[in-house]
Amino acid sequence: FVPISEKPVPISSIRRAVIVVGSAGQPRDRIAAACFGLFDTEAGTFTSHRVPYAADITFEKIRAAGLPEWLGMRLLIGR
């Protein structure tokens with residue numbers, strides 16, 4: 001199941017759930033934005049959020065540090 005950003009998803013109170021939110025640093029879903037999630041214990045919902053971040057600046061820092069360029073490109077293309 002892949003949640004839609006900003007749309008609360010009900011989480012069953014009688015089952016266990018594992019939620020993998022993702023990260024800003026190594027996106028794999030072709031979305032070059034930071035990801036975080038909020039679990040609302042009262043409503044029993046989980047909501048993922050995407051926020052932009054300066055991947056281009058991070059890319060330049062990776063290049064300046066002499067690291068492989070593909071590490072920075074991964075951030076820009078979200079893969």
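This short talk walks through a strand, its partners and a helix in a predicted model.

Because the model is predicted, local features need pLDDT of at least 70 and side-chain atom pairs count only at pLDDT 80 or more, while totals for chains, interfaces and linings use all residues. Residues are numbered from 1 along each chain as its sequence is written, and side-chain values use heavy atoms, with hydrogens and water left out.

Let's start with strand β3, residues 45-51. Helices (H or I, at least four residues) and strands (E, at least two) are DSSP runs, numbered from the N terminus. How many of the 7 residues of β3 are buried? The count is 5, so the strand is largely enclosed by the rest of the structure. Buried here means under 20% relative accessible area, exposed means over 50%, and partly exposed is in between, with a 1.4 Å probe and protein chains only.

Now to the partners of β3. Two strands pair if DSSP finds at least two bridges between them. Strand β2, residues 34-40, runs antiparallel to β3, and 7 bridges join them. The two form a hairpin with 4 residues between them, and G44 in the turn has a positive phi of about 70 degrees. Strand β1, residues 9-10, also pairs with β3 in the antiparallel sense, over 2 bridges.

Please look at T45 in β3. T45 is buried, at a relative accessible area of 16%. Contact means heavy atoms within 4.5 Å, and, leaving aside residues up to four places away in sequence, T45 touches several residues, including V9, L38 and F39.

Further along β3 we find H49, which counts as buried at 15% relative accessibility. Its side chain makes a polar contact with the side chain of E6, at 2.8 Å. By polar contact I mean a pair of N or O atoms within 3.5 Å; within protein, one must be able to donate a hydrogen and the other to accept it, and residues adjacent in sequence count only if both atoms are side-chain atoms.

Last stop: helix α1, residues 55-64, whose buried residues are A55, F59 and I62. They cover an arc of only 60 degrees around the axis, which puts them on the same side of α1; the arc is that of the directions from the helix axis to the C-beta atoms. What covers these buried residues includes α2, residues 69-77. On the face turned away sit the exposed K61 and A64.
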